[in-house]
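I opened my notebook today to look up a few things in a protein model. Come along and follow the entries with the picture beside you.

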Amino acid sequence: MIDRHIGGKFLLTMGRSDDSLSHNYVFYLIKILKVTVKQKKSQKPTFIDMFCGCGGITAGLQDAGFELLFGIDHDIPSLKTYEHNFGAGKGASIDLFNKNYLKEIEKRVHQTGRSLDVVVAGPPCQGFSLTGPRNFDDPRNQLYLSVFGVVKKFKPKAFLIENVKGMRALYGGAVVEEIVSRFKKLGYNVSPPRVLTAADYGVPQIRERLFIVGVRDDIGEFNFPMPTHNSLTYVSCEDAIGDLPSREGEFGIEVDEYQGSSQSDYQEYIRNDSKKLFNHVATKHTELVKSVIKLVPEGKNHKSLPPGVGESRKFNEAWTRYHSKKPSKTIDTGHRNHFHYKWHRVPTVRENARLQSFKDTFEFIGTRTQQNKQVGNAVPPLLAYCLGKQIKKSIKN
Ligand SMILES: C[S@@+](CC[C@H](N)C(=O)[O-])C[C@H]1O[C@@H](n2cnc3c(N)ncnc32)[C@H](O)[C@@H]1O
C-alpha cells in the first residue's frame, strides 16, 4: 500500500495499477503547482533597510511595491517614528558596530519566515578610513563592512547603498572602487556608481546623493532611472508648501487642521488624503534674528545683507531664503540657515518633510530637534521610489 499525502489529500492505492488514480495524482499535483506559482507571483519582493533612520528609503520602496521585513538603526527616536509609520515590530534596534549584528539580523529574518530579496543601506561615512586598499577592513569602517556581511550572508537578488556625494571623491575615488570591487567578488553586477539629483526625479529640492546598486550575477543588471524633470520643470518650493498655514502670529500645534485645499499637483500628491496636518509648528526666533531674515530677498543669502548685519554667520549657506519658484537647497538636520521663501522663519518640520517628498500622512515623532534630524538625514522617498522601480525591473524574473 502506498500512502501519498498531496496538498492535504490522501490517496490510497491497493498495490494495483489504476489509471483514474494516476489521473487524480497528476490533477492534484498541477493544482498545487498552480497555487504555489500564484502565491509566488502575488508575493512582493522583500527588503531590509540598514541604517533606516525614520525611513525615507523604506517609504519609497514600499510605494514601489516592495514588502518591508524590517529596518535597522540604533537611534531610538528614529525607530519610534519608523514603527509609528511602518508598523509595530518593524524597527530593529541593533548597533551595527556590534560584533553580533549578523546573528541578530539572521534571527529576525528567520522570524519573518520570508526570504530576503533586497538589502538597502545608507551607512554614515564619518570616520571612514582607507590608508591602503587592504585597510578597508579597519574597524572604523565596520558600519560599511556590516553591509558586506549581510549581503555575503543572504546573497539577496540586489542591494542598494546610499551615501553623500563626497564619498565618491574620498581617497581619490579609492573607497568607492574598493566597495564596487568587493561586491563584484561576492557575485554582483555593480552598475557604475552615480550621483543623482533629487530634483530630477520630482523632489522639490536640490539634493545630490551617491548610489551604488548591484544585482546578483545570475539575475541581471541594474539601470539607473531616467530623470522625470529638468531645470525648466522642477517642482518649486511654492508648488510644494504654498498651501500650508503661514504660522504668522501663531506657532501652530503638532496635530492640526488644514486651511483650504491643495493648489498644485504636487500638493495633491503629497497630502495623500491626510485628514490631519502633522508637525507644522513654527520655531520661535528672537526679534533680532527676525529683523535680519526680513532683509534677505527671495533666493538670496548673507551676501545681500547690509554691512554689519548678520555678521555672526557668513559662510556659504548662511541666511539663505528659499526661492518660491525654485526647488529648495539641501534640507539639513536642523542648522537653521535656510528660511521660508515668504515668511520670516525657518521652515517647519512638515515643510521640510514636504521638500523631502515625505507624504503628509507620514508623522514624525520626538522633539523638534529629533524630528529635524530624521527629516534631514533621509533619502527623499520619491527618489527611493524611482530607484526601487528600477530594482524591481532588474529582479523581475
Ligand atoms: C543617513 S541616516 C539614514 C537615513 C535613512 N536611509 C533614510 O532614508 O531615512 C544614517 C542612520 O544610521 C544610523 N546609525 C549610525 N550608526 C549606527 C550604528 N552603529 N548602528 C545602527 N545604526 C546606526 C543613524 O542613527 C542614522 O539614522
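**Entry 1: a proline in a loop**

I started with P204, which lies in the loop between β9 (194-197) and β10. Helices and strands here are DSSP runs (H or I of at least four residues for helices, E of at least two for strands), numbered from the N terminus. I noted that this is a predicted model, where local features need pLDDT of at least 70 and side-chain atom pairs count only at pLDDT 80 or more, while totals for chains, interfaces and linings use all residues. Residues are numbered from 1 along each chain as its sequence is written.

Is P204 buried or exposed? I found 28 other C-beta atoms within 10 Å, so P204 is buried. The cut-offs are 20 or more other C-beta atoms within 10 Å of a residue's own for buried, 12 or fewer for exposed, and partly exposed in between, with C-beta atoms placed from the backbone.

Next I looked up what P204 touches, leaving out residues up to four places away in sequence: among them are V235, C237, Y266, P327 and L355. Contact means that the two C-beta atoms, placed from the backbone, lie within 7 Å. I also checked Y234, which is 30 residues from P204 in sequence but 6.8 Å away in space, C-alpha to C-alpha.

**Entry 2: the strands**

I moved on to β7 (residues 158-164), where 6 of the 7 residues are buried. Strand β10 (residues 208-216) runs antiparallel to β7, and 7 bridges join them; F159 has G214 in β10 as its bridge partner. Pairing requires at least two DSSP bridges between two strands.

Strand β6 (residues 118-121) runs parallel to β7, with 4 bridges, and V118 stands opposite A158 in β7. I saw that V118 and V120 point one way from β6, V119 and A121 point the other way, and all are buried. β6 also pairs with β3 in the parallel sense over 4 bridges, and there M50 stands opposite A121.

**Entry 3: an enclosed helix**

After α2 comes G65, with a positive phi near 100°.

**Entry 4: the core**

Then I looked for the largest nonpolar core, and it has 86 residues; F47, M50, I72, V119, L160 and L383 have the most contacts inside it. Such a core is a set of buried Ala, Val, Leu, Ile, Met, Phe, Trp, Tyr and Cys residues joined through C-beta atoms within 7 Å. Helix α12 (residues 381-395) gives the most to this core, 7 residues. Domain 1 (46-229 + 380-395) and domain 2 (237-377) both contribute residues, so the core lies between them. The domain bounds come from an automatic or database domain assignment.

**Entry 5: the whole protein**

To finish, I noted 12 helices and 14 strands. Of the 397 residues, 40% are buried.
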